[in-house]
Structure formats: structure tokens, C-alpha cells
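Please view the sequence and the structure before reading on.

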Amino acid sequence: MNFHVMTLFPEMIDPVLNTSIIGRAVKSGLINIDTVNIRDYAFNKHSKVDDYTYGGGAGMLMQAEPVYLCYRSVVDGIRPDAGHAGKDGSTRIRCIYLTPQGRVFDQETAGELSKEEDLILLCGHYEGIDERVLEEIVTDNISIGDYVLTGGEIPAMVLIDAVSRLVPGVLNNDLSPEYESFYDGLLEYPQYSRPEIWHDRPVPAVLLSGHHENIEKWRREQAIIRTMERRPDLWDKYKGKS
Ligand code: ADE
């Protein structure tokens, strides 16, 4: 799977995503993360990419043209025949704008996105991006939560991490996504490792019993208790589905 990140700060992205599990997946070729500097498409004397907002208001806005040229170059690099803005939507590569005004990212969206071959991620900075280019190129607006960050790079990294680990082969154990938080709408049950007693706290006896059915039952109960206590919103959703 290929991620193409359009950003003014590629140096933020590269080191983070070349580390640990995602770094290993990049090295083994399961995923590819390509950062593209929007400033390289600012064809003016000072490589300027921002300007004042019409109508007034604080801060600067990223201008449409460098973002658009960057996008065109990314799409041409993926598949020259693929849909650009304005072309037939069926061949269009998804272009995600990370913005607090998007739909809130969750595990279900991560799963859906993990099925794509290519994803283009657009990171905004300053006060945002000229609306006209967003209208032309963006297929999905995604937020990572109801708070405002200084730019879209960290949200892009969050999305890449969550999506990549669902790509077959990225985790050593392909079974594990099924057992963790959110797989079926519940939080994950508590887990324990050695020693059996730590700071006077024993590992729950059922986990040492070797009785797989009881262990499964206990884990499910714990997942339910945890979800009810910590995320009543998720619990309500879960009850609604089952
Ligand atoms: N850019 C700034 N804040 C953001 C957020 N919460 N989610 C996605 N992109 C953002």
C-alpha cells in the first residue's frame, strides 16, 4: 500500500514512520510512504505558499496553486491515467485532507482505507488552505479528534499508523487486530505477563487455569465491564448493534 503525503514539513514525517513496526513494514516493502514538499511547487521568487485571507482574519492561508500542482504531480506519478480533479470519479485516487472539520477517524474508517492501493494525504498549516483547491482535489475530510492541532502532519501520521497495521503482513500476527480494542466495538480486556505476583497484585487465577473456555468468558466479561465504565458511548453503540 502506498501513502503519498503532501506537506510543507516532510522532515516531521520521515523519522517517525521509519521506526518500529511501521519502519519494518516500509523496509520490507509492504507499505511505502512518500513525502512530497508542497513548497517545491511554489513557482515564485521566494517559494511562497501562503497569503492573507480575503475578507480579513488572523493568520495566513495556504494558496491553491502550489497545492494543486503538487497534487497533479503526485497523481501523475501514481497512474498518469488516474482521475484528476474534475475527471470521472470512478478512477479517482482518494485524497484525504486532515482537518478538524472532517469526520472523526475511527477503527472502521482505518479498515476501509486499508483496502486502498494508494492514498494521498494533504496536510494543512497556518490557518488552512484556500477552499477552491480543496473542492477540486479532496475526496475525504478526516479529523483525528475534536481539538485543533498546529498542522495536519501529526494527524497524517496517526492515520498512516492505524491503517498500515491493518495491511496483511504488517503485524507479525495477523490474528491480533481481531482481538484488540474496537475490533467488535468493545475495549480490550486487561492482560498480564510474568511475574505471577507483582507489588502484591496476583494475576487473575482464571488466566493460570489453562481452561480456554473460562478464559474466553472472563475476557469477554472484562471487555464489557471496561467498555461500560470507560466508554459508555461505545457501550451504547455496541448494545444497539447486538
Ligand atoms: N489539523 C489540525 N487539527 C486537526 C485535527 N484534530 N484532525 C485532523 N487534522 C487537523
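The shell around the ligand consists of Leu98, Thr99, Pro100, Ile142, Ser143, Ile144, Gly145, Tyr147, Val148, Leu149, Gly151 and Pro155, where a residue counts as near a molecule if one of its heavy atoms lies within 4 Å of it. The model is predicted, so local features need pLDDT of at least 70 and side-chain atom pairs pLDDT 80 or more, while totals for chains, interfaces and linings use all residues. Residues are numbered from 1 along each chain as its sequence is written, and side-chain values use heavy atoms, with hydrogens and water left out.

By class, this shell has 8 nonpolar, 4 polar and no charged residues. Here Ala, Val, Leu, Ile, Met, Phe, Trp, Tyr, Cys and Pro count as nonpolar, Asp, Glu, Lys and Arg as charged, and the others, Gly among them, as polar. Strands β5 (94–104) and β7 (140–143) each supply at least two residues of the shell, and β5 gives the most, with 3 residues. Helices (H or I, at least four residues) and strands (E, at least two) are DSSP runs numbered from the N terminus.

| Backbone N or O atom of | Ligand atom | Distance |
|---|---|---|
| Leu98 | nitrogen | 3.5 Å |
| Gly145 | nitrogen | 3.1 Å |
| Leu149 | nitrogen | 3.0 Å |

On its own the ligand has 260 Å² of accessible area, and the protein covers 96% of that area; such areas come from the Shrake-Rupley method with a 1.4 Å probe.

The ligand sits in the second largest pocket, meaning that more than half of its atoms lie within 2 Å of the grid points. On a 1 Å grid over the protein atoms alone, a pocket is an open set of points where a 1.4 Å probe fits, with protein on both sides within 12 Å along at least five of seven lines, and lining residues have an atom within 4 Å of a point. This pocket holds about 520 Å³ of space, a volume being the space filled by probe spheres set on the points. Its lining has 27 residues, and Tyr97, Leu98, Thr99, Pro100 and Gln101 lie nearest the centre. The elements that give two or more residues to this lining are β5, α5 (131–137) and β7, with β5 giving the most, 5 residues. The lining comprises 13 nonpolar, 11 polar and 3 charged residues.

Two backbone features remain. The peptide bond from Arg194 to Pro195 is cis, with omega near 5°, and Pro195 is placed in the loop between α6 (153–164) and β8 (197–198). Ser20, although not a glycine, has a positive phi of about 60°; Ser20 belongs to helix α2 (residues 20–27).

Notes. A polar contact is a pair of N or O atoms within 3.5 Å; within protein, one must be able to donate a hydrogen and the other to accept it, and residues adjacent in sequence count only if both atoms are side-chain atoms.
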